[in-house]
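Q: Please take a close look at one part of this model and describe how it is built and what surrounds it.

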Amino acid sequence: MANKEMVSRENTSLAREGVRAPDTYVRPAVDIFETDENLTLVADLPGVAKEDLDINLERGILTIKGAVKGGAPGKAVFREFTLGNYFRQFQLPDEIDTEKTAAELKKGVLTLTMPKSAAAKPRRIEIKH
């Protein structure tokens, strides 16, 4: 029985690694907020320009890739943060209305607003009698 579990985990790991790009990436810090109307994702992507950001939704997987071009000005004297390319993936619920999803990138912060479909929104049922 232990061997079957081990094989299963290995297969899952290999499948997951198959969707990753071969390059080295930095995982950006992300916050996700949910309301009755939508999901809002906020990601820190310092150094990424709008034209170097790729947001893709395929088969329920949201992929965010951002390329950083150039580097910090001058020679580093002390460094706690390194600019690098960003990569992050999330499994989204089925009730997201992908047609109405909107993205905004301001000063290195990506805000992705993903409205819920009408069927997923809570609604109040009126009592008639």
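**A strand residue, the core and the sheet**

A: In this predicted model, T40 lies in strand β2. T40 counts as buried because its relative accessibility is 18%, and the cut-off for buried is under 20%. The T40 side chain makes a polar contact of 3.3 Å with the side chain of N38. Leaving out residues up to four places away in sequence, T40 touches D31, I32 and F33, and also T111, L112 and T113.

Next comes the nonpolar core. The largest one has 16 residues, and those with the most contacts inside it are L41, L45, L62, I64 and M114. At least two residues of this core come from each of β2 (38-44), β3, β4, β5 and β7 (109-115). For L45, setting aside neighbours within four places in sequence, the contacts are P28, L53, I64, Y86, G108 and L110.

In β4, I64 stands opposite I55. Strands β3 and β4 (residues 61-68) pair in the antiparallel sense over seven bridges. The open sheet is made of three strands in the order β3-β4-β5, with antiparallel pairing. Its edge strands are β3 (48-58) and β5 (86-91), each of which pairs on one side only. On average, neighbouring strands of this sheet are turned by 15 degrees against each other, with direction ignored. In general, the strands of a sheet pair through backbone hydrogen bonds, either parallel or antiparallel.

Terms used: Residues are numbered from 1 along each chain as its sequence is written. This is a predicted model: local features need pLDDT of at least 70, side-chain atom pairs count only at pLDDT 80 or more; totals for chains, interfaces and linings use all residues. Side-chain values use heavy atoms; hydrogens and water are left out. Two strands pair if DSSP finds at least two bridges between them. Helices (H or I, at least four residues) and strands (E, at least two) are DSSP runs, numbered from the N terminus. Axes are lines fitted to C-alpha atoms, for helices over the stretch in contact, and angles run from 0 to 180 degrees between N-to-C directions. A nonpolar core is a set of buried Ala, Val, Leu, Ile, Met, Phe, Trp, Tyr and Cys residues joined through side-chain atoms within 4.5 Å. Buried means under 20% relative accessible area, exposed over 50%, partly exposed in between (1.4 Å probe, protein chains only). Contact means heavy atoms within 4.5 Å. A polar contact is a pair of N or O atoms within 3.5 Å; within protein, one must be able to donate a hydrogen and the other to accept it, and residues adjacent in sequence count only if both atoms are side-chain atoms.
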